[in-house]
Amino acid sequence: MRQSELFTKVSKSVQKDEASVNAKLLVQAGFIHKEMAGVYSFLPLGLRVLNKIEGIIREEMSALGGQEILLTSLQDPEVWKKSGRWDDKVVDNWFKTKLVNDTEVGIANTHEEPLTVLMKEYVSSYRDLPCYVYQFQTKFRNELRAKSGLMRVREFLMKDLYSFSRNEKEFKEFYEKCAAAYLKIFSRVGLGSYTFRTFASGGSFSKYSDEFQAISEAGEDIIYVNKEKKIAINKEVYNDEGLAECGLKKEDLQEEKAIEIGNIFPLGTKYSTALGLNFKDEQGKINPVVMGCYGIGLGRLMGTIAEIFHDDKGLIWPKTVAPFSVHLISLNGAEKDSEKIYDNLQKQGTEVLYDDRKDKSAGEKFAEADLIGMPLRIVISERTLAENSVELKKRDEEKIKLIKIQDVIQKVF
């Protein structure tokens with residue numbers, strides 16, 4: 001993409017109403033736009049990051065045998081009344097509205113109930129199970145205190161997967177496979193060394209659940225980490241019973257602030273019983289389906305990456321989720337050669353943001369490149385061309401290398 005054609009622009013000032021690092025940098029660099037408290041639009045650069053994250057998650061969910069669907073946002077109250085979760089006293093973050101015929105509907109904050117009802121159409125026998133279904137879908141939650149940029153919002157894109165199993169053993173086998181897939185996802189987006197599978201409260205569904213927490217000073221949670229075992233326990237279950245259940249000792253743990261970037265929950269037969277999702281086993285006996293749910297908020301994950309990977313100059317994107325792999329910067333007098341290199345990189349399949357703007361100084365271009373944070377910067381100028389070379393610099397390093405033009409493709413790949 002030519003930067004001269006990118007309609008968004010970086011801002012020289014930081015938004016005063018944003019306290020979090022992720023919101024300040026992502027807004028300033030032109031990745032997102034704040035519409036209102038807890039509601040953000042994703043601009044071209046931001047959407048590219050979001051799509052990269054989505055692609056990684058989709059690959060790992062499909063590798064588990066997950067089948068992708070897309071459910072509706074508008075919800076029938078009757079379905080939720082059967083599970084008891086339509087009442088605002090039970091779930092306090094509903095957005096509700098009315099159709100023109102005065103029928104009340106909900107705007108989905110999660111999808112256990114409607115998917116359970118849908119699966120009744122397709123599951124009746126043990127031969128229909130196990131089944132794993134996932135989606136990427138916008139959720140709406142009426143947060144009392146939307147804050148921290150992309151961390152706590154009222155509208156967000158979520159990957160939610162639901163498992164449907166014949167028994168507890170079959171469920172647990174998949175649960176562990178999904179936990180391993182989550183760790184792989186977080187590693188692929190660059191957060192592997194920061195992420196810990198964390199023993200946590202199960203809420204109303206089970207005694208315990210698993211969170212995936214990324215260590216960060218921006219985190220709202222306190223966890224106690226065993227770095228050797230690569231596991232942790234949330235402060236809310238940090239007691240003798242919880243420690244014993246997950247095989248941890250206080251003296252081996254280190255207190256850390258962390259951001260929750262994913263969670264997986266056993267659901268048991270809570271929804272299948274309430275909504276009548278049953279199957280007939282080999283002996284002809286009717287049993288409720290055993291369920292689990294597995295969630296990742298994509299915007300939250302993007303915000304976490306921004307919180308962890310930045311410096312005083314701007315963002316530092318891991319290569320796997322960066323909007324572009326290379327930021328190619330052309331300085332005055334090097335336009336012709338810059339065009340050739342841009343064309344060659346594109347032909348080789350490299351994603352390039354090409355700063356071909358003529359109204360910006362070298363200093364302005366460098367400052368904006370640091371703010372936007374592509375993994376690799378290539379600078380072409382009359383000085384480098386005099387040596388038949390270009391400047392090559394990684395965003396997370398200070399060192400600048402001079403390499404020959406004919407070696408650019410090899411060095412990038």
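**Helix packing and a buried lysine in a predicted model**

In helix α1 of this predicted model, N22, A23, L25, L26, V27 and Q28 are buried, where buried means under 20% relative accessible area with a 1.4 Å probe, protein chains only. Six of the eight residues of α1 (residues 21-28) are therefore buried, and the helix is largely enclosed by the rest of the structure. Helices are DSSP runs of H or I with at least four residues, strands are runs of E with at least two, and both are numbered from the N terminus. The buried residues of α1 pack against β1 (32-36), β2 (39-42), α8, β17 (310-311), β18 (314-315) and α10 (362-372). Contact here means heavy atoms within 4.5 Å. G30 follows α1 and has a positive phi, near 80°.

The model is predicted: local features need pLDDT of at least 70, side-chain atom pairs count only at pLDDT 80 or more, and totals for chains, interfaces and linings use all residues. Residues are numbered from 1 along each chain as its sequence is written, and side-chain values use heavy atoms, with hydrogens and water left out.

Helix α8 (residues 298-308) also meets helix α2 (residues 44-63). Their axes come within 10 Å and cross at roughly 110°. Axes are lines fitted to C-alpha atoms over the stretch in contact, and angles run from 0 to 180 degrees between N-to-C directions. The two helices are therefore roughly perpendicular to each other, a class that covers 65 to 115 degrees. The crossing of α2 and α8 is right-handed, that is, the near helix is turned clockwise from the far one by less than a right angle. On α2, the contact is made by G46, V49, L50, I53, E54 and I57. On α8, L298, G299, L301, M302 and I305 take part. By class, this contact has eight nonpolar, two polar and one charged residues. Ala, Val, Leu, Ile, Met, Phe, Trp, Tyr, Cys and Pro count as nonpolar, Asp, Glu, Lys and Arg as charged, and the others, Gly among them, as polar.

K139 lies in strand β7 (residues 131-140). Its relative accessibility is 0%, so K139 counts as buried. The side chains of K139 and H111 are joined by a polar contact of 2.6 Å. Leaving out residues up to four places away in sequence, K139 touches A108, N109, T110, H111, R154, E155, F156, M158 and D160. A polar contact is a pair of N or O atoms within 3.5 Å; within protein, one must be able to donate a hydrogen and the other to accept it, and residues adjacent in sequence count only if both atoms are side-chain atoms.

Overall, the protein chain has 12 helices and 23 strands. Buried residues make up 53% of its 413 residues.

Terms used. Angles under 35 degrees count as roughly parallel, over 145 as roughly antiparallel, 65 to 115 as roughly perpendicular and the rest as oblique. Buried means under 20% relative accessible area, exposed over 50%, partly exposed in between (1.4 Å probe, protein chains only).
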